[in-house]
Amino acid sequence: MKIAVIGTGYVGLVAGACLAENGNDVICVDKDAAKVRALQRGRIPIYEPGLEELVRRNRGERRLTFTTDLAKGVRSSQIVFIAVGTPTGEDGSADLRHVLEVARQIGKSMNGYKVIVDKSTVPVGTSEKVRDVVKKETSHPFSVVSNPEFLKQGAAIEDFMKPDRVVIGAEDQRAGEIMKELYAPFTRTGAPIMMMDCASAELCKYAANAMLATRISFMNEVANVCELVGADVDHVRRAVASDRRIGAAFLFPGVGYGGSCFPKDVKAMMKFASAKNYEFEILQAVETVNERQKVRLFGKMKQHFGSLRGKRIAIWGLAFKPKTDDMREAPAVPLISALLDAGASVAAYDPEALKVARAIFSNRVDFKEKSYDALSSADALAIVTEWHEFREPDWTRIKKLLKNPVVFDGRNIYNPDQLRGLGFTYYSMGRR
Ligand code: NAD
């Protein structure tokens, strides 16, 4: 099939590359000329495992091309995906500016029937808005489809190639059939293609993200209570997770959720519910708990040191989760800001997010290219992102490098007994 993907970010680039991998001709469009130039030269502007290889292969086969020319992309395609950002607007709702601008440009560029697919996460009613905007610009026939994306950064290719399910909101049969055909190769192992109306499809994505964020905030609260009553959240988590009605995923306490999706989608869902005079109170609490949790590690540091003025804290992990370079809403950002405000200095290391982190903090943080280099003369080590390479470190070397053998583990990746046995003062989340 001939496909255009408008917006070549984490979702658009992965979707474009995966669709090309299955034999489609895909033209990826972005208004960011520097990004497009880089992609045309085979350079991937983001870190996502396996993506570079996938893009290289499909570029080589000429099934995947990149352009800033949206009209060219639309004219040469039957299916046009909208995969641009929907950031939080000033009032907390999803800002649809980019989606509707792209819809307008698609309308202007039409040269025949198109299926216009909204892949961006958008509130209920957006497909109608897109339809109205396109209709104003063209007399060519078209269908609007809602196809929310459920991929996880860090495992995006696997998720796109082998989705748990594909959700398609389509109001007409022709578009529904085209979408089913497009996704058939991705669902050969039996994952369902769920056909529904656009409103339900649009809501699915928010409901899924809000549920996951709720699980995280819930377990963070359980961990906080564990600390107060002298219980161990690891035992509690395992027991709770073994209940088949609950399951094990997303029950790990930590330093709060971040990323480009959970925070904004929780906010947007509250907002569109309240626009209908419904206060989504659970989500309000989910957000409040998360904000509190993001500075909880800082609270532990303050309690340990008294004053943080003049202290040097080494941080391992800056991205909002492992296997990505994304620092949007990353818990490392408020933690580092709080440390700097308190008069501490920060040395930080992340395997992939250093470039992004430098753009945020510039020379206010001493960024290191190697993990152990961040430890020299630091008063403590803090784990903020649970990258694999942090899991089995050389504790003798760490003890030698640190000024004080103190570890603040925001992700519970170490064994408290082992660390104490090695002579470390060890803090984690919700454990004895
Ligand atoms: P992103 O910021 O990484 O990428 C968006 C891209 O769109 C950018 O490259 C930007 O330059 C481009 N763009 C904006 N306006 C444009 C225009 N008028 N013409 C052409 N290009 C334009 O965003 P993302 O993380 O890929 O997210 C995109 C959407 O997918 C959002 O709605 C998000 O909520 C949703 N989503 C994201 C994820 C995720 O893990 N990142 C997962 C599922 C769904």
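This is a predicted model: local features need pLDDT of at least 70, side-chain atom pairs count only at pLDDT 80 or more; totals for chains, interfaces and linings use all residues.
User: Is T138 buried or exposed?

Analyst: Buried means under 20% relative accessible area. T138 has a relative accessible area of 14%, so T138 counts as buried.

User: Which backbone atom does the side chain of T138 reach?

Analyst: Leaving aside residues up to four places away in sequence, T138 touches G107 and M110. Its side chain also makes an approach at 3.0 Å, to the backbone nitrogen of H140.

User: G107 sits in α5, I see. How are the buried residues of α5 arranged around the helix axis?

Analyst: In α5 (residues 97-109), the buried residues are V99, V102, A103, I106, G107 and S109. Viewed down the axis, they fall within an arc of 165°, so they line one face of the helix.

User: Which exposed residues does the face of α5 turned away from the buried side carry?

Analyst: The buried residues of α5 pack against several elements, including β1 (2-6) and α6 (126-137). The face turned away from them carries the exposed residues R97 and K108.

User: What is the phi of F250?

Analyst: Most residues other than glycine have a negative phi. F250, in the loop between α10 (233-241) and α11 (262-274), is not a glycine, yet its phi is positive, at about 60°.

Methods:
Residues are numbered from 1 along each chain as its sequence is written. Side-chain values use heavy atoms; hydrogens and water are left out. Helices (H or I, at least four residues) and strands (E, at least two) are DSSP runs, numbered from the N terminus. The expected span of a helix is 1.5 Å times one less than its number of residues. Buried means under 20% relative accessible area, exposed over 50%, partly exposed in between (1.4 Å probe, protein chains only). The arc is that of the directions from the helix axis to the C-beta atoms. Contact means heavy atoms within 4.5 Å. A polar contact is a pair of N or O atoms within 3.5 Å; within protein, one must be able to donate a hydrogen and the other to accept it, and residues adjacent in sequence count only if both atoms are side-chain atoms.
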